[in-house]
Amino acid sequence: MGMKWNRRTFLGGLGATIGAAASGIRLFASSLPQSAKLSGFGGTGNVYEELGVTTVINGQGTMTMLGGSLIRPEVEAVMAQATKHFVSIPALEIAAGKKIAEMLKLPDGYTAFVSSGAAGAIQSGLAGILTRDDDSLIRQLPDLAGMKSEVIIQKSHRNPFDHQLRGTGIKLIEIETREDFKRALSPRTAMMHFSNFANATGQIKVDEWLKLSKENNIPAMIDAAADTPPVSHLWDYANMGYDLVTFSGGKAMRGPQCAGLLIGRKELIGYAALNNSPYEDTLGRGQKVGKEEIVGMVKALELYLNEDHDALTREWWKRLDTVSHEVTKVEGVSTAYFEPDIANHVPTMHIDWDPRRINLTPDEAHQSLRKGNPSIVLERTEIGLGMNSFMLQLGEDKIIADNLVKLFRAHSA
Ligand SMILES: *Cc1c(COP(=O)(O)O)cnc(C)c1O
């Protein structure tokens, strides 16, 4: 039960625990059965079809609503290894964090925690700042009596994921100008939050936000959930000096869908862990991360770091070219390429058409593709469709092209 794992043991108890477990693992492994051929559910090789749920071709990107991303076979393999043994979850989290810190060459004093996702990382990170390693405060959340109770955020940085901040009980104090910021500061201020994707829209940019946090001795968190690529973002914000940095594991990194990274100062990571599963009577007990996700995240990160990112980007452009080449053969259809500066910084394409030549609204086009066979999900824009190609599987660019051409021709004047 519960809270015996304090900060000292969390940060220092690793060696002994791992050592003790190692010999047992080898004995146990040899007696495990090989996985048998499936009968019953899963027997056809397509569980989704058996359940009557349509799978989709995903031209929209890493959407949690569509299952995020697809893990690589190597990630699947280490997750299968993880299923075969019991292990201390806190010890595994510490060891995985240490390995991730080494892989990312994080600055001294930084480590990582595999969370249930960026959203879980945001909540646990803040909870840790509020409670530190005080058992009774940890149990008390989201009742903030005796704790700081406010987080400062720029108005344009508000987004649905700040629900995870509010879930701790804190109040968000919205600011716009530097003067607002000064006025917002108070003894109640627990943290300053920065949404990385909103850097361009706020008056105070990512470097100045950090400077203000240092000057006022308030910890700063940056949410960079969808902000790889580029891969360097995985260490950039820790190197800048941000105290806590959050990433999704199940987006471009193609880690397990219910995994993410909380990167930050060791002390704060330790406090965050104390507010999370497996510890009971914690705010984060519902954000359980299994041993499978923890090792899967480590492997996904290793693969992602070793990836030829330039080749990958070229492949993503090539897929868009395939679609563009075909659809622009239809009279009245045009395409335009762009790449968002930050967040989903991947090749992206708009597909637009002349409504005088093709009698189809963006909504109708979107619905028709979604209901088609195969079902295709693209983005609906104001005047047409949008797509990216980084979650497509082999040959799906061609399928999208063919189905778009068919759709446009069917509605051509
Ligand atoms: C996706 C996303 C999150 C949530 O990430 P999960 O890994 O799905 O929990 C949080 N913040 C931003 C900006 C995101 O794009």
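Predicted model: local features only at pLDDT ≥ 70, side-chain atom pairs only at ≥ 80, totals over all residues.
Local features were considered at pLDDT of at least 70 and side-chain atom pairs only at pLDDT 80 or more, while totals for chains, interfaces and linings use all residues. Residues are numbered from 1 along each chain as its sequence is written, and side-chain values use heavy atoms, with hydrogens and water left out.

Seven strands form an open sheet in the order β2-β8-β7-β6-β5-β3-β4, with mixed pairing. Strands (E, at least two residues) and helices (H or I, at least four residues) are DSSP runs numbered from the N terminus, and two strands pair if DSSP finds at least two bridges between them. The edges are taken by β2 (110-115) and β4 (171-175); each has a single partner strand, so one side of each is left without a neighbour in the sheet. From one strand to the next, the twist averages 25°. Angles run from 0 to 180 degrees between N-to-C directions, with axes fitted to C-alpha atoms, for helices over the stretch in contact.

Strands β7 (residues 244-248) and β8 (residues 260-265) pair in the antiparallel sense over five bridges. Within this pairing, V245 has I263 in β8 as its bridge partner. Helix α6 (residues 118-131) packs on the sheet and touches β2, β3 (150-154), β5 (189-195), β6 (220-223), β7 and β8, contact meaning heavy atoms within 4.5 Å. The direction of α6 makes about 160° with that of β7. Helix α12 (residues 266-274) lies across β2, β7 and β8 and runs at about 135° to β8.

Residues around the ligand (a heavy atom within 4 Å) include T64, G117, F161, F197 and S248. Also in this set are A119, D223 and K251, for which polar contacts (pairs of N or O atoms within 3.5 Å) were computed. A polar side-chain atom of D223 lies 2.7 Å from a ligand nitrogen atom. Ligand oxygen atoms lie 2.9 Å from a backbone N or O atom of A119 and 2.9 Å from a polar side-chain atom of K251. The protein covers 82% of the 380 Å² of accessible area that the ligand has on its own (Shrake-Rupley method, 1.4 Å probe).

Cis peptide bonds occur from L141 to P142, with omega near 10°, and between T228 and P229, with omega about -5°. P142 lies in the loop between α7 (135-140) and β3, and P229 in the loop between β6 and α11 (233-240).

Conventions
Polar contact = N/O pair within 3.5 Å; in protein donor to acceptor, adjacent residues only side chain to side chain.
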